[in-house]
Amino acid sequence: MEEKILIIDFGSQYTQLIARRIRELNVYCEIHPFNAFPKVDNKIKGIILSGSPYSVNNNDSPNFNFLKFPEIPILGICYGAQLIAKKFNCKISQSNTREYGRAKISIRKKSKILNNIKLDSIVWMSHGDSITDVSSDLEIISSTNDVNVAAYKVKKHKIYGLQFHPEVTHTVHGSKILKNFTFSICGCKGSWTSKKFINTSILEIKNKLKNDKVILGLSGGVDSSVAAFLINSAVGDNLVCVFVDNGLLRKNEYENVLRSYKNLGLNVIGVNAKNKFYSSLKGKIDPEVKRKAIGKTFIDIFEQESKKIKNAKWLAQGTIYPDIIESVSVKGPSATIKSHHNVGGLPKKMNLKIIEPLNTLFKDEVRKIGISLNIPKNILNRHPFPGPGLAIRILGEVTEKRIKILQEADHIFISSLIKENLYNDIWQAGVIFLPIKSVGVMGDERTYENVVVLRAVNSLDGMTADWSKLSSDFLSKVSNEIINKVRGVNRVVFDISSKPPATIEWE
Ligand code: XMP
């Protein structure tokens, strides 16, 4: 990319949102923790300082020496704005009441940052401290009824501060304000599009891989699929995708995925390893023990298959940006790296070099790349599915009989969602098998069979989720069909827990 904006993270809950808003303007941006600034290069067109749960008046509050970059325009948001103001001799004090929610701004002075923003425009406030005494280094450009300094400019620099949050959609003209910053102040052109990303990535992948072979563990999910198609566009058949049937996939999924990917021109090897997974899971009940057994078996099989591929020097992974963003922990100033769900352990064990072409993208950007690569919608819109598969949806021991029951029940639930046009409105759905039995009556006979749970959630990123409000008519149809058709189930329940405090998966 030719231009980028850096976002300095002080631990705000909204930092990722700032990145999303900037990227929506077709400007590439990166998030970095305040204490780990990357190398400066001439692609950096602007720096944004995020908000924070800290007060700038605390001794141990996060700091960042923005004065080191006199040529680069800077925008401070909330805490970021207060940090800048404090450096320019203003006083920051705790307000009598925390200001939280919508406010109307008045414009006090014409400025590039608030160009074309109307008087009384609604903004989103969320702060305890305010800038109270303003030094002569700053000029106030906007106020609200409650705060004198809603926005300011540092007179002799291209530095701006906003007390409100332009990244939150409640700030009605927030995107316009961020556009003013990135385009008018930083001089960005907005040339970071899906097409451009694809073209540059293909060139980069070609240069990196040359004639080497690269292997990729295909899961059937969005990220690994898009990574596969992108790499395939660069190196064709030098990409070998390995799709492992761990026997823990949905009904017919192995056959369906394998067929559809081959039809789309990917070089895919299918490996039937059901029995190895089943025997590794035998007798295991604890969720973590089950996960570890699956992870290890996967590594063994992948290693065994990769040895069969001559000249394989690279391992491709569908890692995406949220998996690797170093975010500042609000509990302490040290930088923590989120662990991610990719199959752990693969790289170190196999001496393969890693290539992760999607590791700068958010999930919806991955989907957009997928659309530009003409990947069919049914692949791109597939619900997330956990790596350990149905094993973590069968509570207790995983047996073939339980897998079969769960696959049938899950198939009915998911097909019904598709049939009723509900599938794409739901972020993730599935069925959970409970290792308990309850009494029922079917015809004239008493039954004593298993319970399954329907789980459907709405979410943006899986970090938080709410249960989907499916209609009672729909639930009743699904329940009847499962009990009538799936031998071994006589009771269906619906999970109405949100995350937090529950999680999406039961194990
Ligand atoms: P939880 O259960 O933590 O799940 O609310 C959040 C999202 O992550 C998925 N998930 C996994 N994905 N390997 C994966 O690839 C895993 O071990 C794993 N555990 C949970 C889950 O399906 C949901 O989308």
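In the protein chain, 74% of the contacts with a separation of 6 or more are between residues 24 or more positions apart; contact here means heavy atoms within 4.5 Å. The model is predicted, so to speak of its limits: local features need pLDDT of at least 70, side-chain atom pairs count only at pLDDT 80 or more, and totals for chains, interfaces and linings use all residues. Residues are numbered from 1 along each chain as its sequence is written, and side-chain values use heavy atoms, with hydrogens and water left out.

Let me turn to the overall layout. The protein chain holds 14 helices and 20 strands, taken as DSSP runs numbered from the N terminus (helices H or I, at least four residues; strands E, at least two). Its C-alpha atoms fill a box of roughly 85 × 60 × 40 Å along the principal axes. The accessible surface is about 24200 Å², and carbon and sulfur atoms hold 50% of that; areas come from the Shrake-Rupley method with a 1.4 Å probe, and for residues only the protein chains shown count as cover. Of the 507 residues, 53% are buried, where buried is under 20% relative accessible area, exposed is over 50%, and partly exposed lies in between (1.4 Å probe, protein chains only).

An automatic or database domain assignment supplies the domain bounds: domain 1 (4-185), domain 2 (194-380) and domain 3 (399-494). Between the C-alpha centres of domain 1 and domain 3 the distance is 48 Å.

Next, the interior. A nonpolar core is a set of buried Ala, Val, Leu, Ile, Met, Phe, Trp, Tyr and Cys residues joined through side-chain atoms within 4.5 Å. The largest such core has 47 residues, and those touching the most other members are Ile215, Leu248, Phe413, Leu417, Leu454, Leu470 and Ile482. Helix α13 (residues 400-419) contributes the most, with eight residues. Domain 2 (194-380) and domain 3 (399-494) each provide at least three residues to this core.

Leucine 239 belongs to strand β11 (residues 239-245). Leucine 239 counts as buried because its relative accessibility is 0%. Beyond four places in sequence, its contacts are Val214, Leu216, Ala228, Ile231, Asn232 and Asn267. Aspartate 212 sits in the loop between α4 (194-209) and β10 (213-217), and is buried at a relative accessible area of 16%. Its side chain makes a polar contact of 3.0 Å with the side chain of tryptophan 314. A polar contact is a pair of N or O atoms within 3.5 Å; within protein, one must be able to donate a hydrogen and the other to accept it, and residues adjacent in sequence count only if both atoms are side-chain atoms.

Which residues come nearest to the ligand? Of the 13 around it, they are Arg291, Gln428, Lys499, Ile504 and Glu505, a residue being near if one of its heavy atoms lies within 4 Å. An oxygen atom of the ligand lies 2.7 Å from a polar side-chain atom of lysine 499. For isoleucine 504, a backbone N or O atom is 2.8 Å from a ligand oxygen atom. For glutamate 505, a side-chain N or O atom is 2.5 Å from an oxygen atom of the ligand. The ligand taken alone exposes 500 Å², of which the protein buries 81%.
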